[in-house]
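Dear colleague,

I am passing on a structure that you have not worked with before, and below it I have set out what was found in it. Please read the notes with the structure open beside them.

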Amino acid sequence: MSTAIDFSEKKLKVIGTSPVRPDGVPKVTGLAQYGADFSLPGMLWGKILRSPHAHARIRSIDTSKAQALTGVKAVITSADFPEQKFEYVGPERIAVNYWHMTRNIMAREKVLYEGHAVAAVAATSKAIAEEALRLIEVDYEVLPHVIDVDQAMQPDAPLLFEDMITRGIEPAPGKPSNISKRVEYKMGDIDAGFAAADEIVEASFKTSPVHQGYIEPQSCLARFDADGQAELWASNQGHFIVRTFTVKLLGMKTGDLRVHPAELGGAFGGKTVVYIEPVALALSRKTGHPVKIMMSREEVFKSTGPTSGASMTIRIGVTKDGKIVAADGLFKYQAGAFPGSPVMNGCMCGFAPYDIANVRTIGFDVVCNRPKATAYRAPGSPISAFAVESTMDMAALKIGMDPLQFRLKNIAKTGTPLVYGAKHAHEGFAETIEALMRHPGYQAPLGKNQGRGVASGYWFNGGGESSATVHVNEDGTVVVATGSPDIGGSRASMALMAAEALGIDYDRVRPIVADTNSVGYTQGTGGSRVTYATGIAVVNACNKVIDELRARAALIWKINADDVIWEDGCARPAGKKAGEFEPLPLKAIAAKRSATGGPISASASLNAGGQAPGFATQFCDVEVDPETGHVKILRYVAAQDVGRAIHKAYVEGQIHGGVVQGIGWALNEEYIYDEEGRLSNAGFLDYRIPVASDLPMIETILVEVPNPNHPFGVKGVAEANIVPPMAAIANAINNATGRRLTQLPMSPPKVLAALDAGSGG
Amino acid sequence: MAKHHVTTTLNGNAVEFLCETHQTLLEVLRDELHLTGTKEGCGTGDCGACSVTLDGRLICSCLMLGVEAQGKSIQTIEGMAVGETLHVLQRKFLEHAALQCGICTPGFLIAARSLLERNPDPTEEEVRYWLAGNLCRCTGYHKIVEAVLDSAREMRGA
Amino acid sequence: MSEMRYEAPKTPEAAVALLSGAHGLARVLAGGTDLLIQMRGGRVEPELLVDIKGIPEMTSIVAENGGFRFGAAVGCMVLVEHEAFAKAWPGVTDAVKLIGSIQVKGRATVGGNVCNASPAADSVPALIAAGAVASIVGPNGRREARVEDIATGPGKTSLAKGEIVTSFLLPRRPPHSGDAYLRFIPRTEMDIAVVGAGINLTLDDKGVCSQARVSLGAVAERALLVPEAAAALIGSKVDAAALKRLAAAASAACRPIDDKRGTKEYRIKVAGVLARRAAEIALDRARRTN
């Protein structure tokens with residue numbers, strides 16, 4: 001993975017600065033093009049008909065009246081998509097099953113959640129398309145539904161799949177259930193561990209599903225030409241993923257679909273799947289015209305995957321002097337309508353920050369009548385961390401130890417085993433705890449009704465497949481093309497890394513996100529992997545370019561390429577013996593490219609391993625209104641090991657964003673269902689994400705323990721910061737009030753009820 | 001039903017358009033006038049991504065009908081920069097990294113400009129409360145508030 | 001939808017004629033911040049929209065007999081920026097300031113807030129506490145109604161077909177008067193009120209409360225005028241004991257529902273808390289006003 005040039009000793013010139021991002025001006029002038037901003041001549045509007053029922057069999061669909069409406073050019077149902085084989089494909093933690101996927105984008109036998117797509121139309125105007133939906137007649141046989149994870153696991157719960165037998169249990173159960181999978185991880189001997197404990201703390205927790213809350217609804221423009229070649233402009237975290245899924249769902253050849261990455265208006269994991277893209281393409285194929293689909297905000301809440309709600313029980317055994325001797329966690333996660341909650345991640349991450357000899361985690365993936373869960377920033381880890389970090393707090397209180405001290409005493413270091421079999425390969429966690437201990441605010445006195453809470457969090461971060469191509473232009477400026485949609489400022493980071501590698505100024509590098517035909521395969525942007533994996537691809541491609549530049553200089557100087565080095569943006573002779581030549585800057589070599597062999601460019605691809613996980617430790621101060629239960633965040637301090645901050649301001653921005661999402665998750669965000677299983681808060685009015693006046697400034701502490709596997713020491717930074725906030729706030733409320741809340745969100749009525757009841761919420 | 005023929009002033013230019021009664025100003029801006037800088041985040045006035053000013057007044061364009069624009073003056077994000085020269089707020093948002101995905105940015109810029117026109121020296125709290133109608137999910141608002149306060153400083157000549 | 005008509009009359013009488021003469025569903029279009037959302041959600045499909053923002057009587061703010069008359073179609077931001085009005089009625093102004101975001105207030109109107117008849121409407125408890133009177137024009141001519149008599153239930157008013165509210169009159173205030181409005185919401189902005197409490201009181205020269213009106217929002221099918229709560233203050237110096245009685249009376253008057261914004265128990269409890277806190281603010285204002 002590493003490159004020929006070792007940067008660890010050199011002083012970095014551009015890495016660590018905060019230049020203006022290359023997509024900045026288009027974004028502040030309204031010219032940047034997101035998925036909904038594209039149009040083509042002759043374009044039709046697509047709209048999707050969605051189930052009003054949480055669970056029902058589809059007896060029949062009559063689209064004739066809709067087809068007859070003037071202005072309607074096509075109506076489609078699941079009949080317009082080929083059936084798929086039932087098979088889990090890919091690594092278990094992120095497996096896909098196209099049998100499920102085709103049913104999610106358009107229902108077949110049953111509808112499994114309110115908002116489940118049933119049919120779609122393309123028409124000459126939005127209004128006609130909406131009217132056409134009203135004319136589609138669907139005969140439903142309404143079935144009993146189940147949403148809550150504990151209820152869905154009951155033996156008499158309504159079944160979503162009459163043939164679902166739980167995987168991961170030997171021998172397999174004789175009866176079907178809603179439990180798609182059971183997983184178990186363990187190391188050591190937990191019974192012996194608990195037997196040796198001086199104190200044992202146990203608690204149960206419940207969380208509600210929460211949505212990623214991106215401000216941009218999913219949108220796309222599709223064009224399917226009569227010769228079978230197609231294009232998509234889509235707001236998605238991975239245009240190569242859109243291509244992979246869409247060609248499979250439509251039965252196309254991969255090379256026939258070109259996906260253009262639109263600017264993305266927020267995603268956080270929720271846009272790593274497809275919903276409307278295959279539908280728009282199918283409508284375009286049927287009508288012969290481009291089709292645009294834009295989800296409404298209501299559709300986003302009703303039909304796109306939030307993350308799981310969960311029911312959990314944690315047990316921790318400690319000695320009097322604060323050593324954790326055993327830890328046991330039970331995690332039941334909602335998958336939504338189709339299997340695939342992030343429960344494995346929850347099981348793997350929950351106790352990962354700590355060095356505990358005896359650990360067991362058991363997880364259940366449970367289907368229920370709500371949208372299929374999708375990734376949400378460190379998927380699965382924030383949920384298990386709420387339970388684990390709250391229980392850690394209870395343990396620390398029980399033995400009278402400061403919560404940061406308690407964590408420090410038990411932290412994982414390089415070599416500490418993880419419950420899933422790997423070993424920690426990096427440092428950084430202790431440093432985040434120490435940073436907070438040193439923070440003057442941690443010792444600051446608190447006032448009436450105020451409390452302070454601490455929590456930590458872990459996220460694996462991703463590596464994966466990335467590609468990059470670097471071209472040197474005639475004037476020595478450089479284009480860096482990658483396949484990673486930019487959701488956090490990664491284009492700027494790519495340009496910084498290329499500029500540093502090549503030794504040229506940042507503003508002589510133009511980074512672009514290229515479409516699926518124009519750059520090598522690249523996995524989606526997510527898992528905090530882009531600065532790491534795509535960064536390595538960029539540096540590798542730059543190194544190949546440097547080799548080429550050295551060879552060209554050698555040709556010009558008529559010496560051996562081995563006697564040419566590249567330093568500070570110039571080719572130089574390698575020592576006196578190679579000869580006396582003036583350094584040749586990149587610009588000069590570019591000008592001579594024709595005579596020395598032609599255009600200079602290089603590509604690099606890799607499947608990156610060696611990524612380092614993210615560690616975060618945070619503390620927050622809250623004030624609780626004892627008469628209303630309202631919780632105000634007074635102060636929030638977030639420390640995180642970021643490896644090396646390529647662009648400081650963007651790293652801070654990631655921490656700010658994850659912390660605030662965590663605050664919303666902690667205090668007010670939840671899905672509220674009525675008795676029919678219909679969502680009653682499908683909008684930003686009653687799905688309450690934090691607003692500007694809810695928050696103080698968020699203080700960030702960037703701890704840098706470089707990752708030796710990346711040329712610039714990068715560790716992914718985007719996700720670990722959302723893992724601690726819910727527990728940090730619950731712990732702070734406990735500190736302020738003496739009441740332990742174990743259910744999310746900790747909204748005012750729950751807090752007030754806990755205050756009045758005198759016990760846990 | 002014939003469409004309405006509406007004459008209005010848009011970013012200082014005289015503009016005419018046709019629209020049906022039910023079309024909101026937001027739909028007219030994006031679908032009829034092809035000015036896609038104003039965004040739809042929710043369509044129900046909860047997120048502020050569609051913010052424009054109407055006769056100098058900050059509004060959500062999704063909560064107004066296109067036909068109501070008759071004879072009015074509208075300012076959208078496309079009119080904020082003057083030629084190549086960005087407005088102070090636009091510059092400061094870039095300098096302070098006050099945007100990540102950028103979808104909420106046009107709405108915030110319009111809203112912030114409206115604030116600073118009325119209150120050239122707002123406190124942090126006043127900035128936060130004025131901007132409570134603009135949702136951001138990426139930034140946690142921190143750098144947005146810093147950018148607005150810094151813009152106010154520069155505009156005051158402080 | 002595509003058959004929907006739009007009219008912009010210039011006089012109240014013309015608006016009345018359009019509304020009463022409509023065959024299908026006709027709606028008044030003021031700020032549109034409730035109506036457009038209802039139309040988008042398919043809850044309301046009008047055939048006729050009557051835009052009343054061009055009617056001068058409905059968009060003016062004038063002093064009248066020592067009080068204030070403001071048009072039903074005056075935008076919320078315009079009203080809160082009116083210095084003299086805000087000084088005379090700080091509680092009503094506080095309430096209007098809480099209607100949605102700055103953007104929503106840029107279009108929304110008090111007339112719309114009242115006539116949309118949401119039980120949680122923010123301006124209503126403050127107007128009721130203030131003793132506001134609505135001026136109404138209809139096919140049978142003009143009449144007046146107290147604001148507490150306008151909403152009859154969620155989304156329902158006592159207005160007959162063709163009637164519109166043209167303006168609100170807030171009376172002259174006696175010396176040493178103060179009003180206040182507080183609402184409880186889970187965040188700090190952008191939520192519908194879980195509970196709203198409006199208090200208007202007057203002190204005599206000895207600092208004893210001589211008049212009071214207490215109104216609660218979001219705790220019943222419409223905003224309530226709570227005479228028993230006011231009685232707890234009248235004749236007292238608005239001391240801790242009186243405030244305690246006020247809170248109890250406020251809680252006792254609630255008949256709330258459980259919904260996605262709050263439970264019955266929570267609303268009953270917080271109504272008492274807010275009534276007390278609003279009374280403290282109103283008292284402070286009354287003491288500082290001549």
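How many salt bridges are there between chain B and chain A? The count is 6, and please bear in mind throughout that this is a predicted model. One of the salt bridges joins A:Glu669 to B:Arg137, with the closest N and O atoms 2.8 Å apart. Between chain B and chain A there are also 25 residue pairs in polar contact, both residues being at pLDDT 80 or more.

On the side of chain B that touches chain A, two or more residues come from each of helix 1 (25-32), helix 2 (88-95), helix 3 (105-118), helix 4 (124-130) and helix 5 (142-156) of chain B, and helix 5 of chain B gives the largest share, 4 residues. By type, the residues on this side of chain B are 20 nonpolar, 11 polar and 12 charged. Chain B and chain A bury about 4000 Å² between them, with 61% of it on carbon and sulfur atoms, and 43 residues of chain B are in contact with 52 residues of chain A.

Within chain B, the domain assignment gives domain 1 (4-78) and domain 2 (88-156), and the contact between them takes 15 residues from domain 1 and 14 residues from domain 2. These two domains of chain B bury about 1100 Å² between them, 58% of it on carbon and sulfur atoms. Across their interface the rule finds 0 salt bridges, whereas it finds 4 residue pairs in polar contact, both at pLDDT 80 or more.

With best wishes

Key:
Residues numbered from 1 in each chain as written. Chains lettered and ligands numbered in written order. Predicted model: local features only at pLDDT ≥ 70, side-chain atom pairs only at ≥ 80, totals over all residues. Heavy atoms only, no water. Domains from an automatic or database assignment. Contact = heavy atoms within 4.5 Å. Buried area = accessible area lost by both parts, 1.4 Å probe. Salt bridge = Lys/Arg side-chain N within 4 Å of Asp/Glu carboxyl O. Polar contact = N/O pair within 3.5 Å; in protein donor to acceptor, adjacent residues only side chain to side chain. Nonpolar A, V, L, I, M, F, W, Y, C, P; charged D, E, K, R; others polar.
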